[in-house]
Amino acid sequence: MKSKKLLGLLMGSALVVSTFTGCGNSGGSEQGASAQASQTGDKVQPADTETSQAEKVTLTMLIDTDITLKGFQEVAKLAEEKLGISVEIETRPGGADGDTLVKTRLASGDMADICLYNSGALLSALNPAEYFLDLSSQDWIDRLDETYRKTVSIDGATYGVPYSSSQAGAILYSKPLYEELGLKVPNTWDEFIANCDVIKAAGKTAIVGTFADSWTAQVLYLGDHYNVLAGDPTFPEKFEAGEAKYATNSAALRSWEKLVQTSPYYNSDYLATTYDDGCDIMANAEAGHWVMLTQALSNIYELYGDKVNDIGVFGIPGDTDTGLTAWMPSSFYVNKNSDKVEDVLRFLEFYTTEEALDAYTSAVLPDGPYCIKNYQIPENGYDAVKEDMQAYFDAGKTSVALEFQTAVKGPNCPAICQEAVLGQKSALDYANAYDADCLKQAVQLGLNWK
Amino acid sequence: MDKKKIYSNWFLVPAMTIFIVMFLVPMVISLFFSLTVWNFRDYTFVGLDNFKMFLTEASLNIGIKNTLIYAILTCLLKVVLAFFIANFLTSKIKTKNILRSVIFFPNLVSTIAVGITFAALMHPSKGLLNATLGVLGIGPINWLGDPGLALYSVIGTDVWKGVGVATVIYIAGIQAIDRTYYEAAAIDGASKWQQLKAITFPLCRPAMNSIIILAFVGGMRSFDLIWSMTGGGPGFATDVVASIVYKQYGAGFYGLSTAGNVIMFIMIGVLAFPLQKFLLSKEVDG
């Protein structure tokens, strides 16, 4: 009898032990081993920079698939020559699926060495102090533009390094189509709608909707922020304090009204059309407008070359005037728990040098001004940036989007905007739905709303 | 020691350990965290706020309604369609074996692949479905883009994929019925329809009950097909509880999404158990 008891106990403990060792293995020991290896490596060759530079290091980077890669690849090539650092790219989807993936990999301690992710409100939703390295003590961090730096800084710690140039949430329009129909760039919302009517009457798509990638649905609402500020300059502070709501603030509600108003002007398959389709459609002048981030210019340039200059840009029109809502670029964040932190920092330091920026702009032209101090936009920029967008900057008629002014952004914004474009309920209903969504984010962030 | 017992209780230890560590403990923990606002590191206790939010907010409670529609409709359609298909496939037809394989085939394809394929077939302007209907002068129908229709398009796909399993279970049930019943009925002059109604239907009840339970529970927790076809869209029109839980998790609302899981657990429990009890009470002996 005793032996049976013992056997049962043994089997039980064997099972439990094997289960748990199975879980722990992949996480701990591998990293520990390689960390040890690099430590001993340093000890053997102290201060011998030549040999350590010749040693190849491979960093991993998680990046989303909607972003343009060509410029980065140029810099990475240069980094491999100069620093002996090569970067291995792991891709993830954009939008909500991408957010889930990033959060899961962070929570499970499985993040790549470098994580590319949005700046601003979406960054604060990641709980960055827990996962990312504070870069504020690096001596090169002062190269970053102040406006940008604010959007990647939380509680005095700076986490991000800009991936590309800044950009704008605006309306891309087809110059050939405008010429053909004799249209003028609109200065007010009513003129814009009138233009859409003309294009629609001519049997063409007035606005191309690319909502199969649901994040693209929110650009009109987010990009209208310049006009919200024009109507109520204190909205962001009041919003973050929980005092102002989209449903009750007339300047802010206007954004949702505009979204509902565009409903009749989209292509019939706008819910099945993707961001990539949108680039093709605009480059081939098959639609009049596309409400999009100007990063699409770089995607179109990659695919179609000089055809990009057939596309012009204007800000989302207000009721009396038009300004531009600027977007901060996505940023590199350093995985705090990476065993190659030193190499990552070397790489990022290099990424912010003029040499690296030149390499970047040799492949991809900027979609807006750079976030590195004193770096000049190259002469051969896209017309849309050089002429159309620059005019807004020169006239001082720009602001950054709300997500760079507060930490609160409702995560269901894409789905609510998608619903609003269907236009089945009133703008007020959608504004209320978005307010409720933001409340959840505020509660999660520990803000004292309501 | 008790001589009647052949095996020692210690044999329970491995299974119990796994059950407790992997199932019971996480369940209790998730019940607790569903009452908090949680960011993996620290939490604030908020009582039933998460549940209140889940049940009152339109973008969240639409999932409960959709889950019920989805589960009931897919279950009903599978049970009815598979019954007739199974009867057809157990009758005297020559290509029986090939047809049986054909009807089961969709079930072998990965759900995500089915979702992506059907999303392409149902594309409003480039899809094969609308192109075919266009030849007949119908449409175009916005299968997945019309908020009133999208959920039913997904339900149709789910039925296409799942009807094979139900058919196979029915076939097993029908073949187990003694042929003499049919012979006796035929001699008494019963028509095929009467035989179907009075013999096949009541006697394959056990098979039908398994199908109802399987299809219903499967429908309640369906996620992959919906996610790959619509992502819960347009707007929130095809969101079910599972997809909402996934989205809230993605948004970082860990407490809220845990509450959604608890709600789903309760829903399945409250509906599936009485359903099974009811179905078992209706079974007759063959």
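Which residues of α13(B) are buried? In this predicted model, the buried residues of that helix are Y254(B), G255(B), L256(B), S257(B), T258(B), A259(B), G260(B), I263(B) and M264(B). The helix they belong to, α13 of chain B, runs over residues 254-281. With its 28 residues, α13(B) spans 41 Å from the first C-alpha to the last, which is close to the 40 Å expected at 1.5 Å a residue. The buried residues of α13(B) have partners in both chains: they pack against α20 (427-445) of chain A, and also against α1, β1 (36-38), α2 (49-56) and α12 of chain B.

On the side of chain B, 35 residues are in contact with chain A, and 34 residues of chain A take part in return. Three elements of chain B each give two or more residues to the side that touches chain A, namely α1 (12-33), α3 (58-90) and α12 (241-250). Sorted by class, this side of chain B holds 19 nonpolar residues, 13 polar ones and three charged ones.

I6(B) sits in the segment that comes before α1 of chain B. Along the chain, I6(B) and K247(B) are 241 residues apart, and their C-alpha atoms are separated by 51 Å.

Among the contacts in chain A with a separation of 6 or more, 80% are between residues 24 or more positions apart.

How do individual helices of chain A pack against one another? One pair is α3(A) and α17(A), considered over residues 70-83 and residues 354-363. Their axes come within 7 Å and cross at roughly 140°. With that angle, α3(A) is oblique to α17(A). The crossing in which α3(A) passes α17(A) is right-handed. From α3(A), the contact is made by K70(A), G71(A), E74(A), V75(A) and L78(A), while α17(A) supplies A356(A), A359(A), Y360(A), S362(A) and A363(A). The residues of this contact between α3(A) and α17(A) comprise six nonpolar, two polar and two charged.

A second pair brings back α20(A), the helix of chain A against which the buried residues of α13(B) pack. Here its partner is helix α13 of chain A, residues 250-261, and the two pack at an angle of about 125° with their axes 8 Å apart. This angle makes α13(A) oblique to α20(A). The crossing of α13(A) and α20(A) is right-handed. On the α13(A) side, the residues making the contact are L253(A), W256(A), E257(A) and V260(A), and on the α20(A) side they are A427(A), L428(A), Y430(A) and A431(A). By class, the contact of α13(A) with α20(A) has seven nonpolar residues, one charged residue and no polar ones.

A251(A) is partly exposed, with 19 other C-beta atoms within 10 Å; a residue counts as buried at 20 or more. Setting aside its neighbours within four places in sequence, A251(A) is in contact with V228(A), G231(A), D232(A) and F235(A). A251(A) and L106(A), by contrast, are 38 Å apart in space, C-alpha to C-alpha, and 145 residues apart in sequence.

Finally, two loop residues of chain A deserve a mention for their backbone angles. A285(A) has a phi near 55°, a positive value in a residue other than glycine. A285(A) is found in the loop between α14 (275-283) and β9 (287-293) of chain A, and A285(A) is partly exposed, with 18 other C-beta atoms within 10 Å. N374(A), although not a glycine, also has a positive phi, of about 65°. This residue, N374(A), lies in the loop between α17 and α18 (383-394) of chain A. N374(A) is exposed, with 8 other C-beta atoms within 10 Å.

Conventions: Residues numbered from 1 in each chain as written. Chains lettered and ligands numbered in written order. Predicted model: local features only at pLDDT ≥ 70, side-chain atom pairs only at ≥ 80, totals over all residues. Contact = placed C-beta atoms within 7 Å. Helix = DSSP H or I, 4+ residues; strand = E, 2+ residues; numbered from the N terminus. Nonpolar A, V, L, I, M, F, W, Y, C, P; charged D, E, K, R; others polar. Axes fitted to C-alpha atoms, helices over the stretch in contact; angles between N-to-C directions. Parallel < 35°, antiparallel > 145°, perpendicular 65-115°, else oblique. Left-handed = near helix turned anticlockwise from the far one by under 90°. Expected span 1.5 Å × (residues − 1). Buried ≥ 20, exposed ≤ 12 C-beta atoms within 10 Å, placed from the backbone.
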